[in-house]
Amino acid sequence: MVRLPSNEISFPDPELLISDSGLMAIGGDLSPERLLFAYQLGLFPWFNEGEEILWWCPDPRFVLFPKDLKVSKSMKKILRDKVFTFTENQCFRKVMEECKNTFRKDQDGTWISKQLIDSFEILHQQGFAKSVEVWQHEELVGGFYGVQIGKVFCGESMFSKVSNASKAGFLDFVQKNAEHFKLIDCQIHSEHLESLGATMIPKLEYLKILKENQ
């Protein structure tokens, strides 16, 4: 683990730095420039609000190849019956704020600070950060956001106010973009995303795919 200098935007090379926990660096800031550079290298920030910024590149990496997407019969029916409608990039900041306010089991707090939202909003304006919104009866009931690095989409966080909302949005997004994205980066394991087809791959394999598809 490396402490980042405050006077320049730099990170250790995740291909060379070995860390059992996946923690690559500590410190720095949450400027849009540093955030984008981190994602381009394969790193992402994850820390509790009020603590020092931690930058991660876990090994193995939890990812979804679009061709491996699993859609259950019940979810196929929800999508077919148009229980929800979906949009992209219609209310990016609102999606991040909803993700920030969502209670998550086994987590004491959230890494989604106002500063992070402000910086991601700039990345959104620049075309790098994207949101997916899930609507029901004209109400925002779910969604997620992430960063697009070439043909890799780095998913960050999602929220649901009604059952299956974010799942339906994710499935619709992957299906619509199956020909464009080589990989959906899910970062760390969750049973929810594993049920949709996500799997673990070695860190070096992830970094190779990321580098080849920027």
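This is a predicted model: local features need pLDDT of at least 70, side-chain atom pairs count only at pLDDT 80 or more; totals for chains, interfaces and linings use all residues.
1. The pairing belongs to strands E9 and E10, which run parallel and are joined by 3 bridges. On E10 there is also a pairing with strand E5 (residues 61-64), antiparallel and again through 3 bridges. Within E10, Ile184 has Leu64 opposite.

2. How many residues of strand E10 (residues 183-187) are buried? The count is 5 of 5, so the strand is largely enclosed by the rest of the structure. In a regular strand, side chains alternate between the two faces of the sheet. Here Leu183, Asp185 and Gln187 point one way from E10, while Ile184 and Cys186 point the other way. Both sets are buried, and the reader may wish to note that Asp185 and Gln187 are among them.

3. Gln148 deserves a separate remark. The residue lies in strand E8 (residues 139-149). Its relative accessibility is 17%, and because buried means under 20%, Gln148 counts as buried. Its side chain makes a polar contact of 3.1 Å with the side chain of His180. Beyond its neighbours within four places in sequence, Gln148 is in contact with Phe128, Lys130, Phe153, His180 and Phe181.

4. The largest nonpolar core holds 47 residues, and those touching the most other members are Leu35, Tyr39, Trp55, Phe120, Tyr145 and Tyr206. At least two residues of this core come from each of E2, helix H1 (32-41), strand E4 (54-56), helix H3 (92-101), helix H4 (114-125), E8, strand E9 (152-160) and helix H7 (203-212). Another core, of 26 residues, lies apart from it and includes Met75, Val134, Phe170 and Ala198.

5. How do helices H1 and H4 pack, and at what angle? Their axes are 9 Å apart and meet the description of an angle of about 70 degrees. Since angles of 65 to 115 degrees count as roughly perpendicular, H1 and H4 are therefore roughly perpendicular to each other. From H1, the contact is made by Pro32, Leu35, Leu36 and Tyr39. From H4, the contributors are Leu116, Ser119, Phe120, Ile122 and Leu123.

6. A further sheet is open and has 4 strands, in the order E1-E2-E4-E3, with mixed pairing. Its edge strands, E1 (2-3) and E3 (44-45), each pair on one side only. E1 pairs with strand E2 (residues 23-26) in the parallel sense over 2 bridges. Arg3 stands opposite Ile26 in E2.

Conventions:
Residues are numbered from 1 along each chain as its sequence is written. Side-chain values use heavy atoms; hydrogens and water are left out. Buried means under 20% relative accessible area, exposed over 50%, partly exposed in between (1.4 Å probe, protein chains only). A polar contact is a pair of N or O atoms within 3.5 Å; within protein, one must be able to donate a hydrogen and the other to accept it, and residues adjacent in sequence count only if both atoms are side-chain atoms. Contact means heavy atoms within 4.5 Å. Two strands pair if DSSP finds at least two bridges between them. A nonpolar core is a set of buried Ala, Val, Leu, Ile, Met, Phe, Trp, Tyr and Cys residues joined through side-chain atoms within 4.5 Å. Axes are lines fitted to C-alpha atoms, for helices over the stretch in contact, and angles run from 0 to 180 degrees between N-to-C directions. Angles under 35 degrees count as roughly parallel, over 145 as roughly antiparallel, 65 to 115 as roughly perpendicular and the rest as oblique.
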